[in-house]
Amino acid sequence: MFSSSRIWVVVIIFFLTGSCRTHSGKDNQLLFWCSNNPREINLCDSLTETWNHNHTANHIHLQPIPEGQSSEEVILAAVVGKTTPDIYANMWQGNVEMYAHAGVLVPLDTLKGFLQFIHERCDSAVLSEITSVDGHIYQVPWKVNPFMTIYNKNLFSKNGIYDLPKTYSAYLNAAAIFKNNSKRAGSTQKWFGYTEVKEIWYQRLFNFYPLYLAASGGAPLVINNRAAFNNKYAVEVFAFLQTLYRDAYFSRENLSASDDPFVAQTIATKWTGPWEIAYLNTIPDRNFAFGYFEPQVPDDHQGPVYTYADPKNIVVFNTCKHPQAAWDFISTMIDKKGDLQLLSVTGQLPRRKNLESDFFYSGYFKMNPMMMPFAKQLPYVKGVDNCEVIVEVLDIISQEYEACVVYGKKTPTKAIQDAEAAVNVLLAANTVKANSF
């Protein structure tokens, strides 16, 4: 993922160079970039082949996104170089607002059939989340991988942990039991859990942010161009995570640099998504069972438990000569059959309402019961706020996370206060920049 300092490079270059270009290739051909994940390539190849077989005009040319440091870097370069595809099906939701403001995306709500289709597929919460600040919709909600807590059932049972630790105190108590038992056994160092300690902004999407959403009932980080996270939920999340490091329940070292610590049973839990299911089921001679439950919440939490959706969406760039045809193709990717293919081929979940109760998908979940907890979680997932500088917001939070959570240099209250102040300065400066164009 690219740094936010490069975001303004894109915006500035775009406005200086203009927005028109001649699309390369045949006039009746749409260029479709998908992820370079092998399973997604297989899925998109099948969807494209079906479309091309049934349509004589506006054929789709599928191409996995070119190799680069990250897909975000490649899209950034394509926007600057005016070589964007017509359709891109792996856009991180947090980048959409910036590109929409730069004027490089098609407002999909202006296309025939889009609004009716999307209202039938998605609930009002999702529609609100994907609607830009200008009132248009520039992204198609496609797939999600909700973050939950994976745990080693054998290690739990071996250590006498029979109730799932769903609250902060329960998790800390279980961690203490696990640590004490490991010491008495004189075994190799084991940790109750692990999450990346790197300061990189996107790592906060995998620890702080899911826990913040869980604690707050899905509250935003930014409201009306002001920081909205200086509240008890963020402070309590920082305090919870700080305790995990202070009491040596989590490692400050980079465990992911060696063998997978969960597979090696060096850790008992971690926050992760449904992709672990297929991965762990391919591990030869795996001698432990595993399961999932929601992220931890404060002891006094009431109501549903939200988590981070890790959404990847579909966009149409304004270099597309046939945006209506592009949407017509996309609608076949996300109809019921297309969503079933997404599940079956990739093991990722479509962002579709009532997925867990829709009889159309019951056969899949009967064959893949471990995916059902994630399907049931879908009504309670969130992406990120529609904020052009959300990357920088997360970067500021990440700096305070390192100082407070990992190294205990600040109290949680002070760290969150400092993050709020810095984010408000950032948002004010961003408004000045935007108004100067």
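Trainee: What is the relative accessible area of Asn354?

Mentor: This is a predicted model: local features need pLDDT of at least 70, side-chain atom pairs count only at pLDDT 80 or more, and totals for chains, interfaces and linings use all residues. Residues are numbered from 1 along each chain as its sequence is written, and side-chain values use heavy atoms, leaving out hydrogens and water. Buried means under 20% relative accessible area, exposed means over 50%, and partly exposed lies in between (1.4 Å probe, protein chains only). Asn354 counts as partly exposed because its relative accessible area is 48%.

Trainee: What is the mean pLDDT of the chain?

Mentor: pLDDT is the predictor's confidence in each residue, from 0 to 100. In this chain, 91% of the residues reach 70 or more. The mean pLDDT of the chain is 91.

Trainee: What is the phi of Asn354 near?

Mentor: Most residues other than glycine have a negative phi. Asn354 sits in the loop between strand 13 and helix 14 (362–367). Helices (H or I, at least four residues) and strands (E, at least two) are DSSP runs, numbered from the N terminus. Asn354 is not a glycine, yet its phi is positive, near 60 degrees.

Trainee: Where is Asp310, which also has a positive phi?

Mentor: The phi of Asp310 is about 50 degrees, although Asp310 is not a glycine. Asp310 counts as buried because its relative accessible area is 11%. Its place is the loop between strand 11 and strand 12.

Trainee: What is the strand order of the open sheet of 6 strands?

Mentor: Two strands pair if DSSP finds at least two bridges between them. Strand 2 (59–64) and strand 13 (349–350) each have a single partner strand, so one side of each lacks a neighbour in the sheet. The pairing is mixed, and the order is 2-1-3-12-4-13.

Trainee: What is the bridge partner of Met91 in strand 12?

Mentor: Strand 3 (residues 87–92) and strand 12 (residues 312–316) run antiparallel, joined by 4 bridges. In strand 12, Met91 is partnered by Asn313.

Trainee: At about what angle does helix 2 run to strand 2?

Mentor: Helix 2 (residues 38–54) lies across strand 1 (29–34), strand 2, strand 3 and strand 4 (140–144). Axes are lines fitted to C-alpha atoms, for helices over the stretch in contact, and angles run from 0 to 180 degrees between N-to-C directions. Helix 2 runs to strand 2 at about 170 degrees.

Trainee: Which strands stand at the edges of the open sheet of 4 strands?

Mentor: The order is 6-9-5-10, with mixed pairing. The twist averages 25 degrees from one strand to the next. Two strands pair on one side only: strand 6 (191–193) and strand 10 (290–293).

Trainee: What is the bridge partner of Ile150 in strand 10?

Mentor: Strand 5 (residues 148–152) runs antiparallel to strand 10, with 4 bridges joining them. The partner of Ile150 there is Tyr292.

Trainee: At roughly what angle do the axes of helix 8 and helix 10 cross?

Mentor: The axes come within 11 Å. Angles under 35 degrees count as roughly parallel, over 145 as roughly antiparallel, 65 to 115 as roughly perpendicular and the rest as oblique, so helix 8 is roughly parallel to helix 10. Tyr168, Tyr171 and Leu172 of helix 8 are in this contact. The crossing angle is roughly 5 degrees.

Trainee: How far apart in space are Tyr308 and Met148?

Mentor: Tyr308 is found in strand 11 and counts as buried because its relative accessibility is 0%. Beyond four places in sequence, its contacts include Trp92, Phe147 and Leu205. Tyr308 and Met148 are 160 residues apart in sequence, but C-alpha to C-alpha they are separated by 8.7 Å.

Key
Contact means heavy atoms within 4.5 Å.
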